[in-house]
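Please open the structure in your viewer and keep the selection panel at hand.

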Amino acid sequence: MSNDCGQCQGYISYVEQQLSSYLEFGQFRRVQCDAQNNGLECLALYHSPSCQLLIQRTDGADYCALGTFDAPFLTDQILDVDGSQGWFNLVYLLEYRANKKIMTQRVIEQFWDGSLDYHQWLAQLLAGQFEQLLAMFAPGAPATWLADYIQFMQRQRYYGA
């Protein structure tokens, strides 16, 4: 693995452009990149002083997640929603904080028909929220929110239902 995104460079550059203000604010820098399946599967890992960020495209779906420093670089794995890998999908974290479903069936259908861009949508959702999300992963800060997050995810039937 390397920091060279190869066949995924166009995708990763686009995501970095869409999320540039958040990458800059959190002082994230790309440290690893992996392209598979002729660039259809992409994974990029970023480090910051407070946590890690993962950008993933797999099976035609896009994901962004925050993770602890010990969360692994997930090549050949799907991002689990329960945080068991040390990664937490940004949209699900935002849903947890708002205590409501944001990733609705209507939104998903808009992604699939191309009328809504995931990364533009995510950038808008993060406005005014990103600093609080980073604080949840601050080094030395206990994850007092984790049990409530898992319960929220179970109520939303994302897993364990």
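In which hand of crossing does helix 1 pass helix 5? Keep in mind as you look that this is a predicted model. Select residues 9-18 for helix 1 and residues 118-126 for helix 5, and you will find that their axes come within 9 Å and cross at roughly 25 degrees. Because angles under 35 degrees count as roughly parallel, helix 1 is described as roughly parallel to helix 5. The crossing itself is right-handed.

Next, show the side chains where these two helices touch: Tyr11, Tyr14, Val15 and Gln18 in helix 1 meet His119, Gln120 and Ala123 in helix 5. Sorted by class, this contact has four nonpolar residues and three polar ones, with no charged residues.

Now turn to the aromatic rings, for which the count comes to 13 aromatic pairs. Select Phe88 and Phe137, whose ring centres lie 5.6 Å apart with their planes at 55 degrees, so this pair is tilted. The two residues come from distant parts of the chain, 49 residues apart, with Phe88 in strand 5 (residues 87-89) and Phe137 in the loop between helix 6 (130-136) and helix 7 (146-155).

Definitions and conventions:
Residues are numbered from 1 along each chain as its sequence is written. This is a predicted model: local features need pLDDT of at least 70, side-chain atom pairs count only at pLDDT 80 or more; totals for chains, interfaces and linings use all residues. Side-chain values use heavy atoms; hydrogens and water are left out. Rings of Phe, Tyr and Trp (its six-membered ring) pair if their centres lie within 6.5 Å; planes under 30 degrees apart count as stacked, over 60 as edge-to-face and the rest as tilted. Helices (H or I, at least four residues) and strands (E, at least two) are DSSP runs, numbered from the N terminus. Axes are lines fitted to C-alpha atoms, for helices over the stretch in contact, and angles run from 0 to 180 degrees between N-to-C directions. Angles under 35 degrees count as roughly parallel, over 145 as roughly antiparallel, 65 to 115 as roughly perpendicular and the rest as oblique. A crossing is left-handed if the near helix is turned anticlockwise from the far one by less than a right angle, and right-handed if clockwise. Contact means heavy atoms within 4.5 Å. Ala, Val, Leu, Ile, Met, Phe, Trp, Tyr, Cys and Pro count as nonpolar, Asp, Glu, Lys and Arg as charged, and the others, Gly among them, as polar.
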